[in-house]
Every structure is written in C-alpha cells, then in structure tokens.
Amino acid sequence: MRVLNYLELEGRLDRSGIGTAVDQQRAALAQADADIDVVTEPWHDGHPGWAIGGKLAFDDPVFREYELAHCNMIGPGSVAVARHASRNDVPLLLHAHVTREDFRDSFRGANLVAPALGEYLKWFYSKADLVLCPSEYTRGVLESYPVDAPIRPITNGVDIDALAGFEETRAPYRERYDLDGMVVFAVGNVFERKGLTTFCELAQRTDYDFAWFGPYDAGPQASKTVKRWVNDPPENVTFTGWIDDIRGAFGAGDVYLFPTKAENQGIAVLEAMACGKAVVLSDIPVFREYYEDGHDCLICEDESQFRAALDRLAENPDLRERLGENAKETAREHGLDRVADRLVETYEELV
C-alpha cells in the first residue's frame, strides 16, 4: 500500500508538537509489520510550483500516485490534496492536530482569529473520510463544531527509544543553565496558553530553579504576555530557547510542570513520563482522560494547588520516585508500536 503522509510547511513545523507527532507517525510506520510505502510529498516534482510548471509545460501530472492521503495540517496544500483525493476516489484521512481551542493564547492576535478558524476547521475536517485526533477530549471538541465526518481518537505516542541516554545529559545541561536543587521545568514552545504566567508566578513564590526548554518569539508575532516574561523573567526562571538535544531538558529537570489551559494531548508530558519524571499537570479534561492523579502524576486546579504539589515533591523524594516509576508504565502504553498498529489498521480499513 502506498500512503501519502503529508505535513504541509514541514520545515517550519519541525520545532513544534505537530512536527514531533508526524515524525513519530513515520517512525511507527517504518517499524510496522506491514507492507506500507510512505511518501511525504504529494507533488510529482517535489514542490507545488515545479509540479504546476511541469503540468503547464509538459502535461506532466501534478500529484504523485498513492492509494491513501493522510494530511496533518490545514493550509492550501492540504486543501489541494483533499480536492485531488475527492476527484480521484482516493481515501482521505485528516489528522486534527489543530483546534480553535488550542490556537487561542498562542500568537499575537490568535484570540481574534480563533472564531473564524473554528468555522474553517469545521469545513475542512468535514471533507475527510475519517478524522483522526489525539484524544476523546479532542473528538468532543470537533463534534461540537460540528465536523461532518467520522472521528477517531489515536494517541500521538512517544518515541521512548529516542530519549535513551537522557541521564548522561544531566550534569552538562544543569551546568550550562546554572540549575541547582530540585529543578522545575517545562518543554516546548513558550505560549501563554501553555501556562506561562502561572509558571512564572509560581517561580516568584518559591525558591526552586525553574527552566523552560523550548523556542520563544519575542518579536512582532509574540503576544504581550510572552514578551513580558521572556524579556524580564523572575530571577529563578531560565528560558533556554531552542536546544539541539531535547534529552538535555529531561536530564536537567526533576519535576515537569505543565499548567496549560488547553491541550489535545501533550507529547512532552509523555516524554517526561517516559524518563521517569514526576509530572504536575493542570486539571483539564484531556489529562483526566489519560492520567490518574496520585498514581502517575499530580493534577492541580489552581496556583495554590500547584505550589502545594511542588512543595510536597521537594519534601518527599520517595513520592517523586513512585510517581516517576508509574509514569514510565503509562508512557509504555503510548509507545510507537501502539501507534503503528492503529495507523495500519486505519489505513487498511479505508483502502
């Protein structure tokens, strides 16, 4: 079976959760026990401009041949693939990594655009023969739009093997960023939606070292909140920017803190769990769906509960270890072997 697994603007999304999710899809398919040939670009000549030029000049085909189209983004290239699939009876699978809800509180002006985005997503996702999404929570969000297509949850998974050796990064990364004691950390792009203000205000009210490993934009696209915190952070907060080896974050950090306001799943949570870190999460539906408070994480409703959770973990290393060991078991349930099985099953069903 030849399958298109397409991520529009792939080069710009390589530092995003969507980019990671797609990398993991492809890694899972590569190790799957099935005869699946994956192509990553729909265009016959590798670029839409060249493909269209070839069509006009030589009557060459614009699109490659594939038996199923799996798109992971929502832009004009993906719309073109969707239209081509409809006209040629190619099954279309759309992966809903983007929702109106998780777009809010990201870039400058995102909240103004979010309502219109919701209408667009309703139209676009409804073109699919099947929509995949990372969680039951996200399925409920899409059904509320409503999206007129079947919707099926499938975990984004976690590449446990890619994190091997993270322990060896502990000393160099803690030294590089001047971190000491119980380090509270986050991983990923710096957005207010991910709980930036709560993260920084908790740091102001405690004596722990806080570190946010991930890229941030302090330019025109950034929200005022992001610019405020990254340009003038509390004394005990470090914003590292992009790091070449993500294992360094999980080596240097001790307690993964994620006070996010909305999430479709959160791959970095699973990565922290796979590394046996104690995880402290906000009380939102998707985390209640996947994790159990007091077993593999601590779930908190407000800033006072977050602070109490951090103090408990600082005072009780045994609790940190127990949560971390249970978290490892949870992460294994989201391994790439599970992702491979679900994707292959879905592809075979549609074709």
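With a relative accessibility of 7%, Asn264 counts as buried, because the cut-off for a buried residue is under 20%. This holds for a predicted model. Asn264 sits in the loop that runs between strand 10 (255–258) and helix 11 (267–274). Leaving aside residues up to four places away in sequence, Asn264 touches His97, Thr99, Asp102, Pro134, Ser135, Tyr137, Thr138 and Val286. One of these neighbours, Thr138, also takes part in a polar contact, made between its side chain and that of Asn264 at 3.0 Å.

Thr138 leads on to helix 6, which spans residues 136–144. Within this helix, Thr138 is buried, as are Val141 and Leu142. These three residues lie on the same side of helix 6, because they cover an arc of only 95° around the axis.

On the helix 13 side, the contact is made by Arg312, Leu313, Ala314 and Glu315; helix 14 contributes Pro317, Leu319, Arg320 and Leu323. Sorted by class, the residues in this contact comprise five nonpolar and three charged ones, with no polar residues.

Key:
Residues are numbered from 1 along each chain as its sequence is written. This is a predicted model: local features need pLDDT of at least 70, side-chain atom pairs count only at pLDDT 80 or more; totals for chains, interfaces and linings use all residues. Side-chain values use heavy atoms; hydrogens and water are left out. Helices (H or I, at least four residues) and strands (E, at least two) are DSSP runs, numbered from the N terminus. Buried means under 20% relative accessible area, exposed over 50%, partly exposed in between (1.4 Å probe, protein chains only). A polar contact is a pair of N or O atoms within 3.5 Å; within protein, one must be able to donate a hydrogen and the other to accept it, and residues adjacent in sequence count only if both atoms are side-chain atoms. Contact means heavy atoms within 4.5 Å. The arc is that of the directions from the helix axis to the C-beta atoms. Ala, Val, Leu, Ile, Met, Phe, Trp, Tyr, Cys and Pro count as nonpolar, Asp, Glu, Lys and Arg as charged, and the others, Gly among them, as polar.
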